[in-house]
Amino acid sequence: MRLTLGVYRLTLEFPDDEKFGLVSQLRRAAVSVPSNIAEGHAKNSSGEMVRFANIALGSLAEIETQLLIAKSLEYSKHQKIDSLLAIAAETARMLHGLIRSRKQSDS
């Protein structure tokens, strides 16, 4: 959730002509991460949790790529983007841990 809120705040600074481009893409990917985690949790199955966690990881990869593009285009201060990249990396580590633990519990 922290990443999603950060992305929304960051994209408020982007140029108006990116409203339907990078802003839209980043926000969709950012909302996808917690949404997929929640959906996987609601399925009440380790296999489904792993599947949705992997989808969330894919969305995180999109976010990281899009943030790097925004950084290269200098749409915001590098410090703000780097902070969100750190949160994305932390989220990815947690998701990888969740996936490992769920796979081990199924073994």
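This is a predicted model: local features need pLDDT of at least 70, side-chain atom pairs count only at pLDDT 80 or more; totals for chains, interfaces and linings use all residues.
Ser 59 itself belongs to helix α3, which covers residues 46–72.

Next come the aromatic rings. Searching the whole structure turns up 1 aromatic pair. It is made by Phe 14 and Tyr 75, whose ring centres are 5.2 Å apart and whose planes meet at 55°, so the pair counts as tilted. Phe 14 sits in the loop between α1 (2–11) and α2 (22–42), while Tyr 75 sits in the loop between α3 and α4 (78–106), so the pair ties together parts of the chain that are 61 residues apart in sequence. Phe 14 and Tyr 75 are both buried. Another ring, that of Phe 52, has a charged neighbour: Arg 51 lies over its face, at 4.5 Å from the ring centre.

Then there is the largest pocket, which holds about 170 Å³ of space. Helices α1, α2 and α4 each give two or more residues to its lining. Among the lining residues are Met 1, Arg 2, Leu 3 and Thr 4, along with Ala 30, Pro 34, Ile 37, Ile 87, Glu 90 and Met 94. Sorted by class, the lining comes out as 8 nonpolar, 2 polar and 2 charged residues.

Note on methods
Residues are numbered from 1 along each chain as its sequence is written. Side-chain values use heavy atoms; hydrogens and water are left out. Helices (H or I, at least four residues) and strands (E, at least two) are DSSP runs, numbered from the N terminus. Rings of Phe, Tyr and Trp (its six-membered ring) pair if their centres lie within 6.5 Å; planes under 30 degrees apart count as stacked, over 60 as edge-to-face and the rest as tilted. Buried means under 20% relative accessible area, exposed over 50%, partly exposed in between (1.4 Å probe, protein chains only). A charge sits over a ring if NZ of Lys or CZ of Arg is within 6 Å of the ring centre and within 35 degrees of the ring normal. On a 1 Å grid over the protein atoms alone, a cavity is a set of points where a 1.4 Å probe fits but cannot get out, and a pocket is an open set with protein on both sides within 12 Å along at least five of seven lines; lining residues have an atom within 4 Å of a point. Grid points are joined across faces, edges and corners, and a volume is the space filled by probe spheres set on the points. Ala, Val, Leu, Ile, Met, Phe, Trp, Tyr, Cys and Pro count as nonpolar, Asp, Glu, Lys and Arg as charged, and the others, Gly among them, as polar.
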